Amino acid sequence: MASDKMEKIVALAKRRGFIYPGSEIYGGLANTYDYGPLGTELLRNIKDLWWRMFVQKRSDIVGLDASLISHHKIWEASGHTAGFADAMIDCKNCKARMRADHLLEDCISKGVNFSLLKQTLLSPNNKTFNNAEKKILDSVVTTNKVEGLSVEILNKLILFLKPKCPNCGKIDWTDVRKFNQLFPVQLGIVEGDKGLAYLRGETAQGMFINFKNVVDSTRVRLPFGIAQLGKGFRNEITPGNSVFRTIEFDMGEIEYFFDPKQSNWQELFEEWKAEIWDFVIKKLGIDETNLRWREHANEERSFYSERTIDLEYKFPFGFKELWGLAYRTDYDLTQHMDLSKKDLTIVDPQTGIKTLPHVIEPAVGINRLLLMILVDSYREEENRVVLQIHPKLAPYKVAVFPLLGNKEELITKAKNVYDDLKKDFMVAFDDRGNIGKRYMSQDEAGTPWCVTVDFDTLDDDTVTIRDRDTAEQERVKIKDLADYFSKKLQ
Ligand code: GAP
């Protein structure tokens with residue numbers, strides 16, 4: 001049922017031009033996607049809103065746009081070259097490679113062996129796992145989260161649970177091994193370390209390495225944030241679920257720097273939690289019953305974090321991470337100071353005291369926000385499918401139609417209305433097929449309002465506006481249309 005919904009959304013996304021599989025005409029390239037005309041608009045609208053709320057409307061956050069290709073030492077300092085690895089496993093039969101934790105999570109969430117897991121895994125008679133491992137597994141059993149477990153435990157769990165390969169159905173696994181997710185790039189003709197760079201695995205490091213530049217070139221004072229919207233690259237392998245997890249994705253990250261002697265990190269953490277929640281509910285219009293916060297257990301938390309919580313959304317394939325909030329302490333700045341030998345402390349102009357700020361980091365994947373919006377807005381009604389996307393985010397705000405596609409005077413009038421509205425809004429024009437089909441196609445595109453020019457329009461300069469969500473219609477004068485939509489979009 002759940003995968004049925006996901007399949008329908010993926011099909012709609014392709015049919016209406018939101019998301020296409022990457023490199024499709026050459027047989028596709030796993031875990032890559034292209035955004036069509038509507039997806040591009042939606043993605044842009046989400047990014048603009050994020051930037052407006054978290055940078056332009058705030059006086060304590062400034063923006064940054066750092067290079068995607070970056071020095072290998074950045075990733076050494078951050079710990080990514082050593083620790084940014086996924087535990088992968090291969091099916092010996094069909095050669096499919098996948099993340100071991102995802103394989104196990106999938107197996108557990110489907111209920112396969114779950115009762116067995118509960119009864120036997122933690123029992124004192126079970127000698128496969130030692131007591132320390134059993135303690136860790138206790139949290140796995142309660143949360144269904146396998147992420148962050150050691151290779152040793154993953155290997156034992158695979159042997160114990162015997163999950164089937166999701167690709168071929170066989171149970172014939174290699175050992176679990178770690179694969180680093182960073183994409184190396186070799187620059188120019190220089191061989192070896194000197195020419196080695198990486199596509200950034202997160203935008204965050206750009207904020208840390210430019211921290212001193214921002215302090216020296218602007219008037220920021222602690223506490224303040226540096227925000228960045230841009231691509232991150234991770235060499236991950238993951239089955240399906242559209243753009244949920246891809247090897248190239250848009251991140252929206254903020255590093256919020258503060259002096260731990262002046263600000264209480266727990267309070268800042270709660271403030272950011274509230275900001276994120278508000279953004280998702282009020283600005284993106286998501287149903288709050290589909291959201292929950294989840295605290296990371298010690299063994300799951302990233303190596304740099306003192307506390308991490310995830311805002312999770314209930315996708316058709318389960319509750320999954322949407323937005324992470326982490327207290328990264330002064331880990332990154334300390335690491336970069338050590339490796340670069342540059343002083344990254346800042347001096348308080350009043351007291352002259354040097355400080356190395358700590359950081360709270362809200363980090364979100366914009367493509368995941370987009371997928372969540374498609375899922376949350378998808379409705380199947382008696383005789384239509386509709387995406388009830390928040391009007392401010394909808395790719396097209398308005399669609400304009402002539403009632404009949406073969407009456408020149410109606411087409412000309414509708415084109416004039418379209419040209420006028422286009423000065424202020426994203427507007428679609430459609431004169432194909434019958435009016436019912438045009439409504440259907442705009443409902444699936446999430447267009448909040450359709451304007452129809454009919455024979456009465458030629459007499460009294462009024463048009464019909466049809467509301468996407470209620471399907472109610474009202475008559476409005478053409479000269480009032482721009483005002484009407486501006487008010488609705490306020
Ligand atoms: N700087 C912190 C950081 O990178 P993360 O949890 O690894 O944290 C942040 O990533 C967010 O980016 C996640 O909450 C998720 O929304 C998104 N994300 C992570 N990996 C992704 C992938 N492979 N594809 C799409 N989005 C991803």
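A: In this predicted model, helix H2 (residues 37-56) packs against helix H13 (residues 366-377) at an angle of about 115°. Their axes lie 10 Å apart. Angles of 65 to 115 degrees count as roughly perpendicular, so H2 is roughly perpendicular to H13. The crossing of H2 past H13 is right-handed.

Next, the residues that make the contact. H2 contributes Gly39, Leu42, Leu43, Ile46 and Lys47. From H13 come Ile366, Asn367, Leu369, Leu370, Ile373 and Leu374. By class, the residues of this contact between H2 and H13 are eight nonpolar, two polar and one charged. Gly counts as polar in this division.

Now the sheet. Three strands form an open sheet in the order S4-S9-S8, and the pairing is antiparallel. Strand S4 (69-71) and strand S8 (183-186) are the edge strands. Each has a single partner strand, so one side of S4 and one side of S8 have no neighbour in the sheet. From one strand to the next, the twist averages 45°.

The pairing of S8 with strand S9 (residues 196-199) can be followed in detail. These two strands pair in the antiparallel sense over four bridges. Within that pairing, Val185 stands opposite Ala197 in S9. In general, strands of a sheet pair through backbone hydrogen bonds, either parallel or antiparallel.

Conventions: Residues numbered from 1 in each chain as written. Predicted model: local features only at pLDDT ≥ 70, side-chain atom pairs only at ≥ 80, totals over all residues. Heavy atoms only, no water. Axes fitted to C-alpha atoms, helices over the stretch in contact; angles between N-to-C directions. Parallel < 35°, antiparallel > 145°, perpendicular 65-115°, else oblique. Left-handed = near helix turned anticlockwise from the far one by under 90°. Contact = heavy atoms within 4.5 Å. Pairing = 2+ DSSP bridges.
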